[in-house]
Amino acid sequence: MSVSFSNKLINWYNHNKRDLPWRKTKDPYKIWVSEIILQQTRIEFGIKYYYKFIKKYPDVKKLANSKEMDLMKIWEGLGYYSRAINMLKTAKIVLNNFNGVFPLSYEELIQLPGIGDYTASAISSICNDELQVVVDGNVLRFLSRIHKIDLPIESIKTKKYFKKLGFKLIQDVKPGDFNQALMDYGSTICKPKKFDCNNCLFSSDCKAYNSNSVENYPVKKKKIKVKDRFLNYVVVVTNDNKTQIKKRDSSGIWKNLYEFPLIETKIETSAKQISKELDLNLKDLLSVKKINHRLSHQLLHINFFVYKVDYKLDDLVDINTLESYPFPKPINKFISELI
Ligand code: SF4
């Protein structure tokens, strides 16, 4: 089945490939930018970030010489901020160690910060037709249904298994096209819930379809427990409309972004408790805003306690300038209502 499957798939791709901005180039810098943005991000959402990013940083040199805060501002809202931090590290390495020429080979790419097997395989195969197989969620779903593979897709062992299978299929075809075809087919035809088996080219060979068990694939491990966290932001507003913010460190969530002074508690807390803990007057409480925000493994219960203060404080910034700092999404939402 392998040769005809691969040729059929590429033929389908040549007629149906999506018109995406990064498909018009083989510049490894641009392919890298698109691949990093698209990790954990839907294509429709990622496109506007891609344009914004390439406009501001059209080449690796521009990115390497950028300020982290400006980059975080561009990245704001995309989440998984370590991606942007690693991009800056990688751009500096490319500028200093590769004379600003983005590497093309899997072996060189995999050494760079934030570039794992998936991204190195994608860049080297798309830009250099190197024989490398990409295994993303779309590929895992599509191939696990066709072959009825019962391995849990989260495990490293399973990814290796699929990679081996991919290497059998990729022989004798253009690796870049094959990888993109496989991912496109998974994301447009063999979709997670709305799989289009009636219009699928492979239905006669598909073991899951022919045993009426498409919904059972891909096999997933039990759901990861979501952790509840209670974040309490103390937003002070001075008489001259200033407030305090600070930069988060580079560990945990929202790496290197900004936030208001934070008190994290084990359970939901009240304005009365916050006032007591910080020796603030409850009478000076202007408002409380609650926002829940879901991350992949955490549910954040965020409270913003806004106090007016009439005494001197350090590190104040004008509230009207808050929009120039990179903040996490829920804090930005709060700020948009504050200004
Ligand atoms: S027949 Fe259905 S399940 Fe099988 S590959 Fe096609 S779309 Fe996916």
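**Notebook: salt bridges**

I first looked up Glu259 and Lys246, whose side chains meet in a salt bridge at 3.6 Å, N to O, the term meaning a side-chain nitrogen of Lys or Arg within 4 Å of a carboxyl oxygen of Asp or Glu. The pair links distant parts of the chain, with Glu259 in strand 4 (residues 258–259) and Lys246 in strand 3 (residues 246–247), 13 residues apart; helices (H or I, at least four residues) and strands (E, at least two) are DSSP runs numbered from the N terminus.

I note that this is a predicted model, in which local features need pLDDT of at least 70, side-chain atom pairs count only at pLDDT 80 or more, and totals for chains, interfaces and linings use all residues. Residues are numbered from 1 along each chain as its sequence is written, and side-chain values use heavy atoms, with hydrogens and water left out.

I then checked accessibility, where buried means under 20% relative accessible area, exposed over 50% and partly exposed in between (1.4 Å probe, protein chains only). Glu259 is buried at 2%, whereas Lys246 is partly exposed at 41%.

I searched the whole structure and found 15 salt bridges, one of them joining the side chains of Asp184 and Arg18 at 2.7 Å, N to O. Asp184 lies in helix 11 (residues 175–188) and Arg18 in the loop between helix 1 (2–16) and helix 2 (28–38), so this pair ties together parts that are 166 residues apart in sequence. Asp184 is buried at 2%, while Arg18 is partly exposed at 23%. I also noted that Arg18, Arg23 and Asp184 are linked in a network of salt bridges.
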